[in-house]
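This report goes through the domains, the ligand surroundings and the chain contact of one model in turn. The structure is shown first, and the description follows.

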Amino acid sequence: MAEQKAFKTAGLMKDLMAKYYTKGKESREKGIPVAWVTAVSPVEIFYAAGLFPYYPENFGALAAARKVADKLSMVAEARGYAHDLCGYARCGIGDAYADEHPVGEIVKPDLLFCCNTQCGSLPKWFEVASRFYNAPYFLLDSPQIGNEPDKLCEQYFIEQLKELISFLEEVTGRPFDYDRLKEVLHLSNEACRLWNEVLDTAALKPAPFGFFDACFHMAPIVTWRGTQEAVTYYQALKEEVNERIKEGIHAIPDERYKVYFDHIPLWPKLRWFSDIFAAHNALVAVSQYTHSWAYSFDLERPLESLAENYTEEFVNRCFDYRVQLKVNFMKKYGCDGFVLFSNRSCKPNAYGLYDKRNVISSITGLPGVVFEADMSDLRFFSESQIMAKLELFFEQLSSR
Amino acid sequence: MNKAEILGLFKKVAENPDWQARQWKEEQNGKVIGFLLTDVPEELVHAAGFFPYGISGGNSRLERADAHLQTWACSFVRSSLALALEGKLDFLDGLIIPQTCDTTRMVLGIWQHASPLPFLLNFRVPRQVDRPSARNYLIGELARLKEHLENYRGSEISAEKLKKSIKLYNHNRALLRKLFTLHEQNPASLSNKQLYTVIKASMLMPREKLNELLTELIKAIEQETAVPGNRIRLVISGTLLEPLEILDFIEESGGIVVGDDLKNGFRYIDGDINEAVKPLEALADRQLNKMPSAGYDIARNPRRYFLVKTAEQKKAHGVILLHLKYCEPENYDYYDNIQALEKAGFPAIRIETEYGTTSLGQMRTRVQAFLEMVGGEING
Ligand code: SF4
Ligand code: SF4
């Protein structure tokens with residue numbers, strides 16, 4: 001990736017993310033409430049309610065990518081928050097108490113909304129933040145479901161969406177606009193469709209686009225999902241990827257293998273990883289992570305459809321479902337092996353990987369490896385240990 | 001049996017956690033369904049004719065679990081899984097795991113692969129408990145659990161059976177609470193460790209037998225004359241009480257535990273099930289109204305204020321926060337809890353605990369130092 005031609009769209013991304021932060025500030029000035037929200041949550045409701053949704057997880061990822069996660073974390077640790085908590089939470093809590101803000105201050109919430117499909121760390125972090133910022137907190141609770149859609153959990157989700165809407169009506173003093181919700185859902189659909197079409201090009205051999213590119217280009221699908229901006233962005237990205245296909249520009253210079261990666265990247269080492277894989281002619285093609293945003297809403301049944309999409313998301317699923325999902329991705333993208341990242345920060349995605357590795361290998365016959373680190377904090381990063389595991393993996397790949 | 005014999009029996013049960021379950025299984029030819037502590041409606045399991053068995057973690061060979069679960073998972077779940085892998089839970093026919101954190105949410109699949117059981121089910125408790133949706137959902141989830149138990153058993157659980165089990169458990173909780181009060185009034189006749197040993201043992205033995213023993217024990221203690229003593233009154237807070245030795249350390253330094261919010265402590269025996277309401281609704285209400293715990297967001301009863309209130313009501317001199325290492329939910333609560341307690345004038349200390357720890361010396365020193373400080377404040 002190092003020597004590869006940079007995406008033109010990257011410039012657009014910078015503008016878009018700058019605009020996002022400006023919008024946060026403007027909202028504050030205009031008296032539009034800032035709502036903290038979580039990545040896999042029905043943000044569509046917030047756009048429809050005319051609030052500004054802010055993603056503190058992004059703040060954590062940014063701090064991680066700029067290699068200052070440990071500094072912010074230590075401010076939290078000094079207060080007794082342990083270093084084994086999610087790194088995003090440690091960064092967010094650390095920033096609240098910190099005197100120095102190496103990546104700028106986190107945007108303060110007027111209200112907080114957490115959907116716990118993803119994990120139990122976010123709700124606890126948001127509880128802490130709601131006490132710290134003295135802002136009301138709404139938890140949308142999503143019990144884990146098994147292999148099949150689950151009516152009980154969907155019904156619970158729908159009831160809570162209604163409770164959420166009443167809560168927001170109270171905050172904004174206006175009735176909720178269901179027509180606007182339809183528009184937002186339509187925009188979400190469009191952005192998700194385009195995003196997944198871009199992701200799918202990683203199945204081409206050689207591919208114009210891979211997982212590390214996706215990590216770079218995913219911010220808008222998280223933060224701007226539900227707006228025209230996201231749609232415009234992914235239209236541009238898709239066009240550029242199509243041009244690359246025509247011009248024969250590939251994600252890595254000499255793609256020989258495709259690899260499945262689980263799950264979140266190590267933000268401070270993104271470049272290090274992408275270079276190592278490229279040097280071994282392996283394209284990291286796919287991860288369940290970047291595919292989290294693949295919603296398809298039925299505009300005629302907005303609440304039901306939100307409930308289906310969000311409860312059936314893989315982060316809300318059991319062990320076996322997740323194994324099958326990974327296996328399906330490996331098949332769809334023609335992977336030759338898989339690398340599983342046991343991320344200390346992210347317990348729900350890390351726990352089970354040891355067994356999953358064995359199960360996946362026995363189903364697919366592909367070589368796979370599990371390594372340990374933290375997605376944001378380099379204090380838990382051992383280059384030699386990870387290299388040793390990856391070297392072994394590359395050997396297995398090449399002997400296939 | 002006299003008091004010493006009864007306490008001896010409870011101690012033996014707690015020290016040999018599989019003893020009673022194995023014996024029951026052999027005698028009754030019945031099925032034992034384990035559960036991880038403790039937000040599980042045992043009444044349903046009991047009404048199905050099964051033996052609800054509280055897995056209380058173990059002290060050795062945690063590394064057995066290392067091939068399946070990261071070493072930075074909490075040692076309660078690691079040691080429980082290790083017990084299963086060692087064959088020490090081979091009498092279990094089933095397992096119910098309440099999903100109160102990411103670890104309990106993810107461990108079921110691991111368990112299924114590492115140590116399969118015929119009956120393995122998540123109990124998906126709601127994590128927000130204030131809004132009406134939580135109650136509706138929980139009633140549905142309880143019905144799902146009931147249905148699975150019925151399928152496993154091959155016949156319906158009658159309303160009558162369920163009501164009987166609820167009554168039995170209510171009685172049991174009332175007796176245990178009574179014991180708690182007696183301990184508070186007369187610590188000389190029931191020590192900290194003896195009290196919590198009984199609570200631990202209560203999850204490991206048949207309820208019917210337990211209630212008989214408790215009734216006798218209470219009678220015996222009531223006959224003793226209370227020895228007034230000037231003890232340092234403590235509230236302990238956390239997820240799980242482990243190791244029990246910490247109670248000895250408190251005792252040695254002149255302390256008495258007068259309240260707690262632990263899953264294997266007062267939180268387990270607090271609150272009854274309304275026998276006048278439909279059983280599943282009544283079970284749901286107890287769960288939703290339990291005292292605060294880190295796994296739940298309870299806006300109407302924030303945990304830090306609950307702790308302050310408990311410390312006030314119990315006239316505590318200090319609060320010990322037990323933090324089971326790697327227990328994420330608990331860790332997020334800690335700082336604000338301690339701030340609130342200190343602001344309200346209650347000295348508090350955090351002590352990190354772990355299943356399988358061998359070095360208790362440091363813990364003893366810290367407990368002693370804390371009690372000295374707190375004790376100094378009472379006298380001065
Ligand atoms: S990284 Fe994992 S634990 Fe942290 S917020 Fe995301 S899903 Fe939750
Ligand atoms: S709540 Fe804490 S102690 Fe209990 S299983 Fe979860 S992490 Fe472990």
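## Domains of chain B

In this predicted model, the domain assignment divides chain B into domain 1 (1–18 + 158–229), domain 2 (31–153) and domain 3 (231–380). On the side of domain 1 of chain B, Leu162(B), Tyr169(B) and Met203(B) supply 40% of the area buried against domain 2 of chain B, more than any other three residues.

Two salt bridges are found across the interface of domain 1 of chain B and domain 2 of chain B, and the side chains of Glu43(B) and Arg173(B) meet in a salt bridge with an N to O distance of 2.9 Å. The count of residue pairs in polar contact between domain 1 of chain B and domain 2 of chain B is eight, with both residues at pLDDT 80 or more.

Which residues are around ligand 2? They are Cys74(B), Val77(B), Cys101(B), Thr103(B), Thr104(B), Thr239(B), Lys263(B), Leu324(B) and Cys327(B), and by class this shell divides into five nonpolar, three polar and one charged. The shell around ligand 2 draws at least three residues from each of domain 2 (31–153) and domain 3 (231–380) of chain B.

## Domains of chain A

Chain A is divided into domain 1 (11–177) and domain 2 (180–399), and the C-alpha centres of these two domains lie 22 Å apart. The contact between them takes 54 residues from domain 1 of chain A and 51 residues from domain 2 of chain A. Together, domain 1 of chain A and domain 2 of chain A bury about 4500 Å² between them, with 64% of it on carbon and sulfur atoms. Within domain 1 of chain A, the residues that lose the most area to domain 2 of chain A are Met13(A), Glu44(A) and Tyr47(A), which together account for 15% of what that side buries.

Five salt bridges are found across the interface of domain 1 of chain A and domain 2 of chain A, and the side chains of Asp374(A) and Arg90(A) meet in a salt bridge at 3.3 Å, N to O. The count between domain 1 of chain A and domain 2 of chain A is 28 residue pairs in polar contact, both residues being at pLDDT 80 or more. Among the elements that give two or more residues to the side of domain 1 of chain A that touches domain 2 of chain A are α1 (9–30), α2 (44–48), α3 (56–65) and α4 (69–77) of chain A. By class, that side of domain 1 of chain A has 31 nonpolar, eleven polar and twelve charged residues.

## Surroundings of ligand 1

Ligand 1 is surrounded by Cys86(A), Tyr88(A), Gln118(A), Cys119(A), Ser121(A), Leu122(A), Ile264(A), Ser345(A), Cys346(A) and Met375(A). This shell around ligand 1 has seven nonpolar, three polar and no charged residues. Because domain 1 (11–177) and domain 2 (180–399) of chain A both give residues to the shell around ligand 1, the ligand lies between them.

## Contact between chain A and chain B

The area buried between chain A and chain B is about 4200 Å², of which 52% comes from carbon and sulfur atoms, and the contact takes 55 residues from chain A and 44 residues from chain B. In chain A, the residues Lys124(A), Gln144(A) and Tyr351(A) lose the most area to chain B, together 18% of what that side buries.

Between chain A and chain B the count is five salt bridges, and the side chains of Glu328(B) and Lys347(A) meet in a salt bridge at 3.4 Å, N to O. There are 31 residue pairs in polar contact between chain A and chain B, both residues at pLDDT 80 or more. The elements of chain A that each supply at least two residues of the side touching chain B include α6 (121–132), α14 (319–332), β7 (337–343) and α16 (353–364). The residues of that side of chain A divide into 26 nonpolar, 13 polar and 16 charged.

Conventions:
Residues numbered from 1 in each chain as written. Chains lettered and ligands numbered in written order. Predicted model: local features only at pLDDT ≥ 70, side-chain atom pairs only at ≥ 80, totals over all residues. Heavy atoms only, no water. Domains from an automatic or database assignment. Buried area = accessible area lost by both parts, 1.4 Å probe. Salt bridge = Lys/Arg side-chain N within 4 Å of Asp/Glu carboxyl O. Polar contact = N/O pair within 3.5 Å; in protein donor to acceptor, adjacent residues only side chain to side chain. Near = heavy atom within 4 Å. Nonpolar A, V, L, I, M, F, W, Y, C, P; charged D, E, K, R; others polar. Contact = heavy atoms within 4.5 Å. Helix = DSSP H or I, 4+ residues; strand = E, 2+ residues; numbered from the N terminus.
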